[in-house]
Structure formats: structure tokens, C-alpha cells
Amino acid sequence: MSSGERKPLAQPEAGLCVTLLPGLRSVLAENPSPMTGPGTTTYLLGEGEVTLIDPGPAGPGHLQAILAALAPGERITAILVTHPHLDHSALAPALAAATGAPVYGFGAAGTARSALMAHLAAQGLRGPEGVDQAFRPDILLRDGEILKTTAGPLIALHTPGHMAEHLCFGWQGQLFCGDLIMAWAPSLVSPPEGDMGDYMASLQRLQGQGWQRLFPAHGAVIDDPASRIAELLAHRLAREAQILTALAGLGQGDLNAILPLVYATTPEALWPAAKRNLLAHLADLVARGRVEAEDWPSEYARFRRR
């Protein structure tokens, strides 16, 4: 390892507390899956009075692992939720009851949807992922709001895309990026909760901010944020180009016709999630005038290139 390289941070094992940096610990929940990777990572920031980021899925095992990670005399004084998906927020009520700490978030699920996504939701469109419909933060956070922690100030950044209510948290050049950015896979963007235009805008916003590391809620710490963000943007632009090529060949088609052309190399077991990403791309292309659609907005619309 050269003098200019940083030593990779320790990777956690489920249920065990790992010290990542001075003032920063993590506990990995035991909820691995094709959508969560190794599981949801809960971060503990500061010492003495601890700020927690993403309590994780409901269950006594993860609750006990979080409490066991506290040193004698320590207490959790703030519970921050990046977004109200069940694998991030469902433990918040039990953790708040156990610690007395207030829960912070951007808002309840669906409260920040665009007019288009609200219309799709009103039509009955639902994503396959687990939205935490019961989530209600005690304290609302807004973009740019600064929180005091015993490890230094933490800034809340509203970063919609994966979900309209998604927040990232910046701390001393590090970014807790929730589900917006992951090392092991691109994030799911599933309407009506997810919005591809917002997702791209959020990535572009973060791209030039000089983050030293990204701490995602799923998977390994990202030591080269600029490269990973550029890679994700390029991936989405390449997928967009595939969609436009597929439509050029079809003339007109619905989601079921377009899906196998665009995701031919993706295992069919992942096609339900891929179909959600495809709808998100098409909604963005329609909004930007690159694609026309009949019976829009609807998941049953038929699309063609302009």
C-alpha cells in the first residue's frame, strides 16, 4: 500500500459493533437479501450522547445489538432515519421507547412525492419494496439543517430519487448516503416512491462536493466517492440509451414489451425490480420530452420515441 492510499475500513459482521473511525461505530442488522445485500447498517455517531443513523428493521435481535454497542453510561439522544423503508425505519418506535430519543426524518412516506408520482399513487400504483406507512418522525428535518452531535456538526441533505423523503447526512467530509448510493449495486428507483429525474439530480448535486468517503446503508464503505457517483450516472445514462434504442425498434411498446429488450442480460428473477426502474426511466423521458406515451400517466401506458 502506497503512502497516498488509505487503509480500507473494517467490514462489519451481523450483530457485532465495529469502530470505523474515531467517533463512528456501526452495527449490521441480520437482514441479508437480494435487495439489501449483506443487510442494513446502523451507524452510531459520537460518544456519551450518541446520534444514531438508520435504526434498521424491526426485531429484538437488532435492538439488543444496538443497545449492546453502547459503552457504560452512554445513551442514544437522537434517532435519524434516511427514509421510511421498513429495513431502515421499522425499528424506530421500539428504539425510541427503549432510549427516550426523538426520531428525526424528512417526513412520512408519500409526503414529498411530485404531482406525477402522487397521481400514479392515486391510481393504485405500488412498488414491491416495503414502504413503512406507519413512520412518523417526531422532528422534521429540512435540506441544509445542521444537527449538533458529540462528534461534530451533521448536515441534513434532502436527496430524493430512491425515495422522495430520502435524506443523506454529511459529517466532516464523510457522507451517510442511505440507499441513494451503494457499492454493490445501483439503487432501486421505483415509482411512485422513486423518481429517476430526482435521483439523477441528487447524484449530480453530490458529485462535486468532495466527499472523502460514502457510508451507505447497505454494503461496503465507498472510498472513492467521485468515481462511484460517476459510475452510477453513466449506468443510468447507458440504460436510458438502451430504452431509446428498444423503442426505435419497437415503434411503440408497453413495459412488458420493452423490459426483455433492455434487461436481456439481467436474471429474470430480478425483472420485477427492473420493471420498476424501467417505469422510472420512462417517466423521466416523458417529462423531458424524449418519449411520448398513450394513456399516460399509468403503468399500462404505451411508449414511443419522439
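Biologist: In the hairpin of S8 and S9, which residue takes a positive phi?

Modeller: Please keep in mind that this is a predicted model. In that hairpin, where 6 residues lie between the strands, the residue with the positive phi is Gly 152, at a value near 110°.

Biologist: And how do S8 and S9 pair?

Modeller: Strand S8, which covers residues 146-147, pairs with strand S9, residues 154-158, in the antiparallel sense over 2 bridges, and Leu 147 has Leu 154 as its bridge partner in S9. S9 also pairs with strand S10, residues 167-171, again in the antiparallel sense, over 4 bridges, with Gly 170 in S10 as the bridge partner of Ile 155.

Biologist: Changing topic, in what order do the 7 strands of the open sheet come?

Modeller: The order is S1-S2-S3-S4-S5-S6-S7, and the pairing is mixed. Strand S1 (17-21) and strand S7 (139-140) stand at the edges with a single partner strand each, so one side of each has no neighbour in the sheet.

Biologist: How many bridges join S1 to S2?

Modeller: There are 4 bridges between S1 and strand S2 (residues 24-28), and the two run antiparallel; Leu 21, for example, has Leu 24 in S2 as its bridge partner.

Biologist: Which strands does helix H3 lie across?

Modeller: Helix H3, residues 92-99, lies across strand S4 (49-53), strand S5 (75-80) and strand S6 (103-105), and it runs at about 150° to S5.

Biologist: Now helix H6: what should its 26 residues span?

Modeller: At 1.5 Å a residue, helix H6 (residues 225-250) should span 38 Å, and its end C-alpha atoms are 38 Å apart, which agrees. After H6 comes Gly 251, which has a positive phi near 85°.

Biologist: Which residues of H6 are buried, and what do they pack against?

Modeller: Among the buried ones are Ile 229, Leu 232, Leu 233, Arg 236, Ile 243 and Leu 247. The buried residues of H6 pack against helix H5 (196-207), strand S12 (213-216), helix H7 (255-262), helix H8 (271-287), strand S13 (291-294) and strand S14 (302-305).

Biologist: Which residues touch the most other members of the largest nonpolar core?

Modeller: That core has 23 residues, and the ones touching the most other members are Ile 258, Leu 278, Leu 282 and Phe 303. Helix H4 (115-122), H6, H7 and H8 are the elements that give two or more residues to this core, and H8 gives the most, with 8 residues. Leaving aside residues up to four places away in sequence, Leu 282 touches Ile 243, Leu 247, Leu 255, Ile 258 and Phe 303. A second, separate core has 22 residues, including Val 18, Ile 53, Leu 141 and Phe 169.

Biologist: At what angle do the axes of H7 and H8 cross?

Modeller: They cross at roughly 110° and come within 10 Å of each other. Angles of 65 to 115 degrees count as roughly perpendicular, and H7 and H8 are therefore roughly perpendicular to each other. Where they meet, the residues in H7 include Leu 255, Ile 258 and Leu 259, and those in H8 include Trp 271, Leu 278 and Leu 282.

Methods
Residues numbered from 1 in each chain as written. Predicted model: local features only at pLDDT ≥ 70, side-chain atom pairs only at ≥ 80, totals over all residues. Heavy atoms only, no water. Pairing = 2+ DSSP bridges. Contact = heavy atoms within 4.5 Å. Axes fitted to C-alpha atoms, helices over the stretch in contact; angles between N-to-C directions. Expected span 1.5 Å × (residues − 1). Buried < 20%, exposed > 50% of the residue type's maximum accessible area, 1.4 Å probe, protein only. Core = buried A, V, L, I, M, F, W, Y, C linked by side-chain atoms within 4.5 Å. Parallel < 35°, antiparallel > 145°, perpendicular 65-115°, else oblique.
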